[in-house]
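Please consult the sequence and the structure shown below while reading.

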Amino acid sequence: QLASWREAGSLIGISVAAVAPVALALLTDQPFALFAALFAGLGVVALWAMRGEWTGDAAQTASVSPLSALSDPMTRRLLLLALVNAAPVAVTSTLFLFFVESRLQAPGLEGPLLLLFFAAAAVTAPLWGKLAARVGAKPALLAGMGLAVISFAFALRLGAGDTLGFAVISAASGAA
């Protein structure tokens, strides 16, 4: 339960970060510079707030090689899974921007559509956690993957001006 809410909070943070430069453009003609300064400031605040969490024997920590983790077969499998999971996300995130601008011919709507995607993900993350607890992680993951594939399949038929249809696809795939 806590993990679901933590994931939802993370997605809300990502959503805020996605729209922050647009909102900051109302305050300054250099919104990305202000965003970078605010982000760095929040990083310093986070480091200060977490200072009590990083305790332990520094000598013991320093003696552990990052490569020693690769000797564990389970760690290698998890790292491979993370790579396989992250690659399509990186590609689709980049293509999302090009799709909205070039295929839908809707420049300027990238931010709101991304916000819709992340908002749908944030709202549904706790529901996916409950589903996984009820039916198991694997069936819940397969259901989410199926919803993502089905929802994005409809993007193939979209063209210039089909922003409402892509908004529905963004919400459905974000929920997935």
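Beyond residues up to four places away in sequence, phenylalanine 99 touches Leu104, Ala155, Leu158 and Phe166, where contact means heavy atoms within 4.5 Å. This is a predicted model, in which local features need pLDDT of at least 70, side-chain atom pairs count only at pLDDT 80 or more, and totals for chains, interfaces and linings use all residues. Residues are numbered from 1 along each chain as its sequence is written, and side-chain values use heavy atoms, with hydrogens and water left out.

Phenylalanine 99 is found in helix H4; helices are DSSP runs (H or I) of at least four residues, numbered from the N terminus. From phenylalanine 99 to glutamate 110 the separation is 11 residues in sequence and 9.0 Å in space, C-alpha to C-alpha.

Buried means under 20% relative accessible area, exposed over 50% and partly exposed in between (1.4 Å probe, protein chains only).

| Residue | Relative accessibility | Class |
|---|---|---|
| Phenylalanine 99 | 19% | buried |
| Serine 170 | 1% | buried |
| Leucine 26 | 76% | exposed |

Aromatic rings of Phe, Tyr and Trp (its six-membered ring) pair if their centres lie within 6.5 Å; planes under 30 degrees apart count as stacked, over 60 as edge-to-face and the rest as tilted. By this rule there are four aromatic pairs. The ring centres of phenylalanine 96 and phenylalanine 166 are 5.2 Å apart and the planes stand at 50°, so this pair is tilted. Because phenylalanine 96 lies in helix H4 (residues 73-103) and phenylalanine 166 in helix H7 (residues 163-175), the pair ties together parts that are 70 residues apart in sequence. Both phenylalanine 96 and phenylalanine 166 are buried. Ring pairs also link Phe96, Phe99 and Phe166 into a cluster.

A nonpolar core is a set of buried Ala, Val, Leu, Ile, Met, Phe, Trp, Tyr and Cys residues joined through side-chain atoms within 4.5 Å. The largest such core has 17 residues, of which Val100, Leu104, Leu158 and Phe166 touch the most other members. Two or more residues of this core come from each of H4, helix H5 (110-135) and H7, and H5 gives the largest share, six residues.

Serine 170 lies in helix H7. Leaving aside residues up to four places away in sequence, serine 170 touches Phe96, Leu113, Leu116 and Phe117.

Leucine 26 lies in the loop between helix H1 (2-24) and helix H2 (31-49).
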